Amino acid sequence: MKPHAEIEQVWPRDGRIRIVGRLYGRRGDSGRDWRLLLVRRSSTQQLRYRARVEDDRFESEVPVADLAAYDTDGIEQWDLHLTDGEVKLRAGRQLDDNRDKKKIMVYPAQRVPAARGTLTVQPYYTVQDNLSLECRV
Amino acid sequence: MRPGIKIRYLLLHAYGRGGTIRTVMNQANSLVAAGWDVELVSVLRRRDEVQFPLDCRVTVSTLVDLRERALEPARGLVARLRDRRRTRQLEVPAREIPRGEFGYRYFNRHVEDAVIAYVASLRDGVLVTTRPALNFLAARHATGGVIRVAQEHMNHGTHRVDVQRRIVECYPEFDAVAVLTERDRQDYEQLLPGTRVIRIPNAVHTLDQIPSRPESKIAVAAGRLFPQKGFDLLIPAWARLVEKYPDWQLRIYGSGEKKAELRALIEEHHLYNHVFLMGHTDRLDDELAKASFYVLSSRFEGLPMVMIEAMSHALPVVAFDCPTGPADVLTHGVDGLLVPAQDTDALADAMGRLMADQELRAEMGVAALMTSASYGPGSVHPRWEALFTELHETRHRSGAAKGLHV
């Protein structure tokens, strides 16, 4: 198994998406400056949020309204990573026994006002069991 | 081979995935292995393949094929006329099936006529009909000499009034009426004085299962996502436990029409990290082995077989004491915990008791495994063989006696 950020919980509520998990295959040096990194799939745009890392535990959150600032045409995806500036660990859920998480672990969508209407933001697992956000107008 | 006794099971849809179908296939597999000649007759056919393991010596036939290609327009005038009649008859409501039969929507004049023609053609062997609608048609029309056995897979109290009335009228025609639980046996005996009512529980397909692990923090429930199964009661019950037991998961296996409502309930209680709608699985045995207890939240049952299967994996059970089944199988405090039906607080308390105590889960799990042994194919299926043999001998004797008097 490659080093990655193993997701344990995702909490989409109250205008935020909070994620909790453990670094896998790499110890989290709390002296370093860990960030939650969102990479927009259709461009090079990136968003960074402070992440609390202690031993292998991490926790971070994204205010959903931040995503409304980006012009979404139809459906857009943002892929989630944990990074300390040196390594970039993809966030996902690889260590449990559930296959086909895309259909089983389904999270609520949240809605925020955006330039072209209402933006719906929903965390989801990709077919590779990685965690991404889907935004649609 | 046991010459002269052919056993025919009449099922509404042998190609479906329901509990009745699974149970009948288990019976058929055991009987055919013991040398009986067994046929499954499916009233309808909507799929190409049967969905459960079935011995290749069991023959399967269909009365009305509803697969798409079977409905393609026919060539030739006669065939087209026959098609037109069939299309018309498919829209005319059935005459002899009460509206309260839960399978009423699958019946129409065409289906009904096909069943009547089939059962009326039988002259020998045994016909086992497996739901009220089919029992009613067999009672009235299977009069050509075949021995008739009616199976009831649901408890009597579950049936609507019109179905209950027809049961009293029709079931005395049967050579035997087979029910699943002791409570049902008593109810039917009272309703049908003079009719032979026999209790034979359904069997699990095997007792040779991988034991579960009591240290696991997974609870499992399974069934169609449908109000009967009470998952809408189970989800709020789990919400009461999630703070105290945040590292536990509840996995609900099954598919069905209430999926969106249940998903909404999970979101409402913020349980999306703890309660999962797993969908249908072909490998429920493997999934049961991963859990450390089973939950049955049904509003009603006949005899809940997945619960007994779970017990054969040494899983203790938390169950509503609903009609009927859980109280027939479980001994409260020994192999599981029975709580008042539809009482979600009591359900949560009982689940909490098991979640708090690994040793209790292990102990009750062993007791559950022992209970499940009496539902193994080896204990149950000989009772069917005995019943069929006895009915055949009784008929044969009385037939011979009649012959002497001529």
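Colleague: How many residues of domain 1 of chain B are in contact with how many of domain 2 of chain B?
Modeller: In this predicted model, 17 residues of domain 1 of chain B are in contact with 10 residues of domain 2 of chain B. Two residues are in contact if their C-beta atoms, placed from the backbone, lie within 7 Å.

Colleague: Which elements give two or more residues to the domain 1 side?
Modeller: They are α1 (19-33), α6 (182-191) and α14 (377-405) of chain B. The largest share, 3 residues, comes from α6(B). Helices (H or I, at least four residues) and strands (E, at least two) are DSSP runs, numbered from the N terminus.

Colleague: Where are the bounds of the two domains?
Modeller: Domain 1 of chain B covers 6-203 + 377-405, and domain 2 covers 218-375. These bounds come from an automatic or database domain assignment. The C-alpha centres of the two domains lie 31 Å apart.

Colleague: How are residues and chains labelled, and what does the model require?
Modeller: Residues are numbered from 1 along each chain as its sequence is written, while chains are lettered from A and ligands numbered from 1 in the order in which they are written. As this is a predicted model, local features need pLDDT of at least 70 and side-chain atom pairs count only at pLDDT 80 or more, whereas totals for chains, interfaces and linings use all residues.

Colleague: What pLDDT does chain B average?
Modeller: Chain B averages 93, and 96% of the residues score at least 70. pLDDT is the predictor's confidence in each residue, from 0 to 100.

Colleague: A new topic: is strand β13 of chain B enclosed or open, and why?
Modeller: Strand β13 (residues 336-340) of chain B is largely enclosed by the rest of the structure, because 4 of its 5 residues are buried. A residue is buried if 20 or more other C-beta atoms lie within 10 Å of its own, exposed if 12 or fewer, and partly exposed in between; C-beta atoms are placed from the backbone.

Colleague: Which strand is joined to β13(B)?
Modeller: Strand β12 (residues 317-321) of chain B is joined to β13(B) by 5 bridges, and the two run parallel. Two strands pair if DSSP finds at least two bridges between them. The bridge partner of B:Ala319 is B:Leu338 in β13(B).

Colleague: What about the contact with chain A: which element of chain B gives the most?
Modeller: Strand β10(B) gives the most, with 4 residues. Across this contact, 10 residues of chain B meet 10 residues of chain A.
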